[in-house]
Amino acid sequence: MPEEILISGKMYARTIETLDATYKTHKLWEAKDRAGFLAGLAPRIRAAASGSGNFDAALMDALPNLKLIAHFGVGYDNVDAKAAEARGIAITNTPDVLTDEVADLAMGLTVAAARRMTAAERFVREGNWLKGPMPFTRRVHGKTMGIVGLGRIGQAIARRAEGFGMTILYHQRNARTDASYRYMGDLAAMAAASDFLMLSCPGGKATEKLVDERVLRALGPEGIVINIARGSVIDEPVLVRLLREGAVGGAGLDVFVDEPHVPAELLTMDNVVVQPHHASATPETRTAMGQLVIDNLGAFFAGRKLLTQVA
Ligand code: 8YV
(Lines give C-alpha, C1' and ligand atoms only; values in the text may rest on other atoms or scores of the structure.)
Protein backbone atom coordinates (compact mmCIF):
# COMPACT_ATOMS: atom_id res chain seq x y z
CA MET A 1 0.00 0.00 0.00
CA PRO A 2 1.70 3.30 -1.05
CA GLU A 3 2.29 6.00 1.55
CA GLU A 4 -0.23 8.84 1.51
CA ILE A 5 0.78 12.50 1.20
CA LEU A 6 -1.01 15.80 1.07
CA ILE A 7 -0.14 18.16 -1.78
CA SER A 8 -1.08 21.52 -0.33
CA GLY A 9 -0.56 23.69 -3.40
CA LYS A 10 0.14 23.58 -7.11
CA MET A 11 3.63 23.13 -8.48
CA TYR A 12 5.38 21.96 -11.63
CA ALA A 13 2.94 19.52 -13.28
CA ARG A 14 5.60 16.89 -13.97
CA THR A 15 6.46 16.82 -10.28
CA ILE A 16 2.83 16.24 -9.36
CA GLU A 17 2.68 13.44 -11.94
CA THR A 18 5.65 11.73 -10.28
CA LEU A 19 4.15 12.20 -6.82
CA ASP A 20 0.87 10.73 -8.10
CA ALA A 21 2.78 7.71 -9.42
CA THR A 22 4.69 7.23 -6.16
CA TYR A 23 2.19 8.03 -3.43
CA LYS A 24 -1.51 8.09 -2.79
CA THR A 25 -1.81 11.85 -3.16
CA HIS A 26 -4.50 14.16 -1.83
CA LYS A 27 -4.64 17.59 -3.50
CA LEU A 28 -5.93 20.26 -1.15
CA TRP A 29 -7.08 22.57 -3.92
CA GLU A 30 -9.48 19.88 -5.17
CA ALA A 31 -11.28 19.61 -1.82
CA LYS A 32 -14.86 20.87 -1.87
CA ASP A 33 -15.16 20.65 1.91
CA ARG A 34 -11.68 21.53 3.12
CA ALA A 35 -12.28 20.78 6.81
CA GLY A 36 -13.99 17.47 6.07
CA PHE A 37 -11.31 16.58 3.51
CA LEU A 38 -8.53 17.17 6.05
CA ALA A 39 -10.35 15.44 8.91
CA GLY A 40 -10.71 12.35 6.77
CA LEU A 41 -6.97 12.32 6.00
CA ALA A 42 -5.54 13.48 9.30
CA PRO A 43 -4.53 10.15 10.86
CA ARG A 44 -2.70 8.99 7.73
CA ILE A 45 -0.74 12.05 6.69
CA ARG A 46 2.86 12.21 7.93
CA ALA A 47 4.27 14.21 5.02
CA ALA A 48 3.15 16.90 2.62
CA ALA A 49 4.46 18.53 -0.53
CA SER A 50 3.86 22.28 -0.61
CA GLY A 51 3.91 24.70 -3.51
CA SER A 52 1.73 27.77 -4.00
CA GLY A 53 -0.65 28.83 -1.24
CA ASN A 54 -0.06 29.18 2.48
CA PHE A 55 0.89 26.27 4.69
CA ASP A 56 -0.18 27.89 7.96
CA ALA A 57 -0.52 26.74 11.58
CA ALA A 58 -4.20 25.87 11.11
CA LEU A 59 -3.36 23.46 8.30
CA MET A 60 -0.59 21.94 10.39
CA ASP A 61 -3.00 21.51 13.31
CA ALA A 62 -5.46 19.75 11.03
CA LEU A 63 -2.73 17.14 10.41
CA PRO A 64 -1.50 16.14 13.87
CA ASN A 65 0.76 13.39 12.55
CA LEU A 66 2.53 15.66 10.05
CA LYS A 67 6.32 15.50 10.33
CA LEU A 68 7.57 16.85 6.98
CA ILE A 69 6.67 19.66 4.61
CA ALA A 70 8.69 19.24 1.39
CA HIS A 71 8.43 22.67 -0.25
CA PHE A 72 8.76 23.28 -3.99
CA GLY A 73 10.84 26.47 -4.02
CA VAL A 74 13.89 27.97 -2.40
CA GLY A 75 11.75 30.65 -0.77
CA TYR A 76 9.37 29.11 1.75
CA ASP A 77 7.86 32.28 3.19
CA ASN A 78 4.40 30.88 2.45
CA VAL A 79 5.10 28.14 5.00
CA ASP A 80 4.81 29.18 8.66
CA ALA A 81 8.26 28.00 9.70
CA LYS A 82 7.84 29.06 13.34
CA ALA A 83 4.60 27.07 13.60
CA ALA A 84 6.28 24.09 11.96
CA GLU A 85 9.22 24.24 14.36
CA ALA A 86 6.88 24.49 17.35
CA ARG A 87 5.14 21.35 16.15
CA GLY A 88 8.29 19.40 15.35
CA ILE A 89 7.60 19.49 11.60
CA ALA A 90 10.66 19.56 9.34
CA ILE A 91 10.68 21.77 6.25
CA THR A 92 12.77 21.12 3.16
CA ASN A 93 13.18 23.49 0.23
CA THR A 94 14.85 23.43 -3.20
CA PRO A 95 18.05 25.52 -3.04
CA ASP A 96 21.00 25.58 -5.45
CA VAL A 97 19.28 23.90 -8.41
CA LEU A 98 17.60 27.19 -9.38
CA THR A 99 20.39 29.64 -8.44
CA ASP A 100 21.82 30.23 -11.90
CA GLU A 101 18.42 30.28 -13.60
CA VAL A 102 17.19 33.03 -11.29
CA ALA A 103 20.47 34.94 -11.54
CA ASP A 104 20.22 34.83 -15.34
CA LEU A 105 16.81 36.45 -15.28
CA ALA A 106 17.99 38.99 -12.72
CA MET A 107 20.69 40.21 -15.12
CA GLY A 108 18.26 40.06 -18.01
CA LEU A 109 15.85 42.24 -16.04
CA THR A 110 18.69 44.63 -15.23
CA VAL A 111 19.57 45.14 -18.89
CA ALA A 112 15.93 45.17 -19.99
CA ALA A 113 15.02 47.81 -17.42
CA ALA A 114 18.06 50.01 -18.04
CA ARG A 115 17.78 49.84 -21.84
CA ARG A 116 13.94 49.90 -21.72
CA MET A 117 13.86 46.87 -24.01
CA THR A 118 10.15 46.17 -23.58
CA ALA A 119 9.30 49.82 -24.28
CA ALA A 120 11.62 49.68 -27.29
CA GLU A 121 9.82 46.56 -28.52
CA ARG A 122 6.51 48.43 -28.31
CA PHE A 123 8.17 51.46 -29.96
CA VAL A 124 8.99 49.37 -33.04
CA ARG A 125 5.81 47.29 -33.14
CA GLU A 126 3.62 50.40 -32.82
CA GLY A 127 5.36 52.10 -35.76
CA ASN A 128 6.92 54.89 -33.72
CA TRP A 129 10.38 54.23 -35.15
CA LEU A 130 9.00 55.40 -38.48
CA LYS A 131 8.50 58.77 -36.84
CA GLY A 132 11.95 59.06 -35.26
CA PRO A 133 14.55 57.45 -33.00
CA MET A 134 13.93 55.87 -29.64
CA PRO A 135 14.97 58.15 -26.76
CA PHE A 136 18.28 57.32 -25.08
CA THR A 137 18.29 54.81 -22.25
CA ARG A 138 20.68 53.95 -19.42
CA ARG A 139 24.08 52.22 -19.36
CA VAL A 140 24.61 49.00 -17.42
CA HIS A 141 28.30 48.11 -17.84
CA GLY A 142 30.63 49.76 -15.37
CA LYS A 143 27.80 50.96 -13.14
CA THR A 144 27.24 50.10 -9.45
CA MET A 145 24.87 47.36 -8.28
CA GLY A 146 23.77 47.25 -4.64
CA ILE A 147 22.62 43.72 -3.81
CA VAL A 148 20.16 43.19 -0.97
CA GLY A 149 20.84 39.65 0.24
CA LEU A 150 24.15 38.11 -0.80
CA GLY A 151 23.03 34.52 -0.51
CA ARG A 152 23.49 31.88 -3.22
CA ILE A 153 21.35 33.76 -5.73
CA GLY A 154 22.82 37.15 -4.76
CA GLN A 155 26.35 35.83 -5.22
CA ALA A 156 25.46 34.35 -8.62
CA ILE A 157 24.04 37.72 -9.66
CA ALA A 158 27.21 39.45 -8.41
CA ARG A 159 29.36 37.15 -10.55
CA ARG A 160 27.29 38.05 -13.60
CA ALA A 161 27.39 41.75 -12.80
CA GLU A 162 31.18 41.59 -12.47
CA GLY A 163 31.17 40.25 -16.01
CA PHE A 164 29.52 43.54 -16.95
CA GLY A 165 32.34 45.39 -15.23
CA MET A 166 30.00 46.55 -12.47
CA THR A 167 30.99 47.54 -8.95
CA ILE A 168 29.23 45.38 -6.36
CA LEU A 169 27.97 46.54 -2.98
CA TYR A 170 25.81 44.44 -0.69
CA HIS A 171 23.53 44.75 2.29
CA GLN A 172 22.12 42.16 4.70
CA ARG A 173 21.87 41.72 8.46
CA ASN A 174 25.58 40.94 8.84
CA ALA A 175 28.63 41.08 6.61
CA ARG A 176 29.76 37.80 5.09
CA THR A 177 33.23 36.58 6.07
CA ASP A 178 33.74 34.99 2.63
CA ALA A 179 32.82 37.86 0.30
CA SER A 180 35.22 40.43 -1.17
CA TYR A 181 32.47 42.89 -2.09
CA ARG A 182 31.94 46.04 -0.02
CA TYR A 183 29.37 45.50 2.75
CA MET A 184 27.09 48.39 3.65
CA GLY A 185 25.12 48.04 6.88
CA ASP A 186 22.93 51.03 6.01
CA LEU A 187 20.53 50.08 3.20
CA ALA A 188 19.61 53.67 2.33
CA ALA A 189 23.29 54.60 2.08
CA MET A 190 23.88 51.63 -0.23
CA ALA A 191 20.88 52.63 -2.35
CA ALA A 192 22.28 56.17 -2.62
CA ALA A 193 25.60 54.75 -3.83
CA SER A 194 23.95 52.38 -6.35
CA ASP A 195 22.73 52.73 -9.91
CA PHE A 196 20.88 49.42 -9.60
CA LEU A 197 19.32 48.10 -6.39
CA MET A 198 19.02 44.31 -6.74
CA LEU A 199 16.68 42.53 -4.34
CA SER A 200 17.67 38.88 -3.81
CA CYS A 201 16.87 38.40 -0.11
CA PRO A 202 14.33 35.97 1.37
CA GLY A 203 10.72 37.05 1.67
CA GLY A 204 8.69 36.98 4.87
CA LYS A 205 8.15 39.19 7.93
CA ALA A 206 11.84 39.98 8.46
CA THR A 207 12.18 41.69 5.07
CA GLU A 208 8.63 43.01 4.62
CA LYS A 209 8.77 46.50 3.10
CA LEU A 210 12.51 46.60 3.74
CA VAL A 211 12.72 48.76 0.61
CA ASP A 212 10.58 51.65 1.72
CA GLU A 213 10.23 55.31 0.69
CA ARG A 214 13.48 56.30 2.40
CA VAL A 215 15.47 53.65 0.52
CA LEU A 216 13.75 54.29 -2.80
CA ARG A 217 14.29 58.06 -2.58
CA ALA A 218 17.95 57.36 -1.77
CA LEU A 219 18.16 55.24 -4.94
CA GLY A 220 16.82 58.30 -6.69
CA PRO A 221 15.61 59.43 -10.12
CA GLU A 222 18.56 57.85 -11.94
CA GLY A 223 18.32 54.61 -9.97
CA ILE A 224 16.62 51.37 -11.00
CA VAL A 225 15.28 48.71 -8.63
CA ILE A 226 15.26 45.04 -9.68
CA ASN A 227 13.20 42.53 -7.68
CA ILE A 228 13.60 38.76 -8.13
CA ALA A 229 13.02 38.09 -4.41
CA ARG A 230 9.46 38.60 -3.20
CA GLY A 231 6.97 41.36 -3.81
CA SER A 232 6.67 41.83 -0.05
CA VAL A 233 10.24 43.16 0.17
CA ILE A 234 9.24 46.46 -1.48
CA ASP A 235 6.53 48.86 -0.28
CA GLU A 236 4.73 48.39 -3.58
CA PRO A 237 2.27 51.35 -3.44
CA VAL A 238 5.20 53.64 -2.55
CA LEU A 239 7.21 52.30 -5.49
CA VAL A 240 4.32 52.99 -7.87
CA ARG A 241 3.97 56.56 -6.55
CA LEU A 242 7.70 57.32 -6.73
CA LEU A 243 7.94 55.90 -10.24
CA ARG A 244 5.00 58.08 -11.26
CA GLU A 245 6.66 61.12 -9.70
CA GLY A 246 10.01 60.33 -11.32
CA ALA A 247 11.64 60.01 -7.90
CA VAL A 248 12.83 56.53 -8.93
CA GLY A 249 14.27 56.01 -12.41
CA GLY A 250 12.82 52.59 -13.23
CA ALA A 251 12.09 49.06 -12.14
CA GLY A 252 12.46 45.47 -13.29
CA LEU A 253 10.03 43.28 -11.37
CA ASP A 254 9.51 39.51 -11.48
CA VAL A 255 7.56 39.37 -8.20
CA PHE A 256 4.61 41.28 -6.76
CA VAL A 257 2.67 41.54 -3.51
CA ASP A 258 -0.59 40.02 -4.77
CA GLU A 259 0.40 37.70 -7.63
CA PRO A 260 -0.83 37.26 -10.31
CA HIS A 261 -2.37 40.72 -9.84
CA VAL A 262 0.02 43.55 -10.78
CA PRO A 263 -0.72 47.23 -9.97
CA ALA A 264 -2.33 48.49 -13.19
CA GLU A 265 -0.32 51.70 -13.19
CA LEU A 266 2.94 49.75 -13.49
CA LEU A 267 1.67 48.30 -16.76
CA THR A 268 1.45 51.79 -18.26
CA MET A 269 5.03 52.81 -17.45
CA ASP A 270 7.75 52.62 -20.12
CA ASN A 271 10.47 52.63 -17.43
CA VAL A 272 9.10 49.45 -15.82
CA VAL A 273 9.66 45.87 -16.99
CA VAL A 274 7.30 43.30 -15.48
CA GLN A 275 7.63 39.51 -15.56
CA PRO A 276 5.27 36.79 -14.26
CA HIS A 277 7.40 35.39 -11.40
CA HIS A 278 9.10 33.01 -13.77
CA ALA A 279 12.78 33.35 -12.85
CA SER A 280 13.10 29.62 -12.17
CA ALA A 281 10.63 28.57 -14.85
CA THR A 282 12.57 26.42 -17.28
CA PRO A 283 11.97 22.68 -17.71
CA GLU A 284 15.48 21.87 -16.51
CA THR A 285 15.25 23.90 -13.33
CA ARG A 286 11.67 23.02 -12.41
CA THR A 287 12.49 19.35 -12.96
CA ALA A 288 15.49 19.66 -10.65
CA MET A 289 13.39 21.47 -8.03
CA GLY A 290 10.75 18.76 -8.23
CA GLN A 291 13.39 16.08 -7.90
CA LEU A 292 14.46 17.59 -4.60
CA VAL A 293 10.86 17.47 -3.36
CA ILE A 294 10.63 13.84 -4.45
CA ASP A 295 13.99 12.91 -2.95
CA ASN A 296 13.25 14.59 0.37
CA LEU A 297 9.95 12.74 0.64
CA GLY A 298 11.70 9.50 -0.30
CA ALA A 299 14.38 10.06 2.34
CA PHE A 300 11.72 10.80 4.95
CA PHE A 301 9.72 7.65 4.32
CA ALA A 302 12.92 5.57 4.17
CA GLY A 303 14.04 6.96 7.51
CA ARG A 304 17.09 8.58 5.96
CA LYS A 305 18.53 12.10 6.52
CA LEU A 306 16.65 14.79 4.64
CA LEU A 307 18.60 16.31 1.75
CA THR A 308 17.77 20.02 2.09
CA GLN A 309 16.22 20.69 5.49
CA VAL A 310 15.96 24.39 6.22
CA ALA A 311 17.62 25.70 9.39
C1 8YV B 1 8.82 29.48 -7.05
C2 8YV B 1 10.52 30.90 -6.25
O3 8YV B 1 9.18 28.47 -6.20
O4 8YV B 1 11.89 29.11 -5.60
C5 8YV B 1 11.31 30.17 -5.25
O6 8YV B 1 11.39 30.69 -4.13
O7 8YV B 1 10.21 32.02 -6.09
C8 8YV B 1 10.06 30.21 -7.44
O9 8YV B 1 11.02 29.35 -7.98
C10 8YV B 1 8.16 28.95 -8.28
O11 8YV B 1 7.45 30.02 -8.74
C12 8YV B 1 7.32 27.73 -8.01
O13 8YV B 1 6.07 28.11 -7.54
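# Notebook: strands, helices and the ligand site

I began at one strand pair: Leu 169 stands opposite Arg 182 in β8. The model is predicted, and I kept that in mind throughout.

**Entry 1. The sheet around that pair.** I looked up how β8 is joined to its neighbour. Strand β7, residues 167-171, connects to β8 through 2 bridges, and the two run parallel. I then traced the whole sheet. It is open, has 7 strands and pairs in parallel. Reading across, I noted the order β8-β7-β6-β9-β10-β11-β12. The edges are β8 (182-183) and β12 (272-274), and each of them pairs on one side only.

**Entry 2. Helices on this sheet.** I checked what packs against the strands. Helix α5, residues 99-114, packs on the sheet. I listed its contacts as β6 (144-148), β9 (196-199), β10 (224-227), β11 (250-253) and β12. The direction of α5 makes about 150 degrees with that of β10. Helix α7, residues 152-163, packs on the sheet too. I found α7 touching β6, β7 and β9. Its direction makes about 175 degrees with that of β6.

**Entry 3. A sheet of 5 strands.** I moved on to another open sheet, with the order β2-β1-β3-β4-β5 and parallel pairing. Here β2 (24-27) and β5 (90-92) are the edge strands, each pairing on one side only. From one strand to the next, I noted an average twist of 25 degrees. Next I took a single pair. Strand β1, residues 4-7, pairs with β2 in the parallel sense over 4 bridges. Within that pair, Ile 7 stands opposite Lys 27 in β2. I also looked for a helix over these strands. Helix α2, residues 34-41, lies across β1 and β2 and runs at about 155 degrees to β1.

**Entry 4. The ligand.** Which residues surround the ligand? I wrote down Phe 72, Gly 73, Val 74, Gly 75, Leu 98, Arg 230, His 277, Ser 280, Arg 286 and Met 289. I sorted this shell by type and got 4 nonpolar, 4 polar and 2 charged residues. Arg 230 uses its side chain, with an N or O atom 2.8 Å from an oxygen of the ligand. A polar side-chain atom of Arg 286 lies 3.3 Å from a ligand oxygen. How much of the ligand's accessible area does the protein cover? On its own the ligand has 330 Å², and the protein covers 82% of that.

**Entry 5. Backbone details in loops.** I looked for a cis peptide bond and noted the one from Glu 259 to Pro 260, with omega near 5 degrees. Pro 260 sits in the loop between β11 and β12. Lys 209 belongs to the loop between β9 and α9 (213-219).

Key. Residues numbered from 1 in each chain as written. Predicted model: local features only at pLDDT ≥ 70, side-chain atom pairs only at ≥ 80, totals over all residues. Heavy atoms only, no water. Near = heavy atom within 4 Å. Polar contact = N/O pair within 3.5 Å; in protein donor to acceptor, adjacent residues only side chain to side chain. Areas by Shrake-Rupley, 256 points an atom, 1.4 Å probe, with all protein chains shown as cover. Nonpolar A, V, L, I, M, F, W, Y, C, P; charged D, E, K, R; others polar. Pairing = 2+ DSSP bridges. Contact = heavy atoms within 4.5 Å. Axes fitted to C-alpha atoms, helices over the stretch in contact; angles between N-to-C directions.
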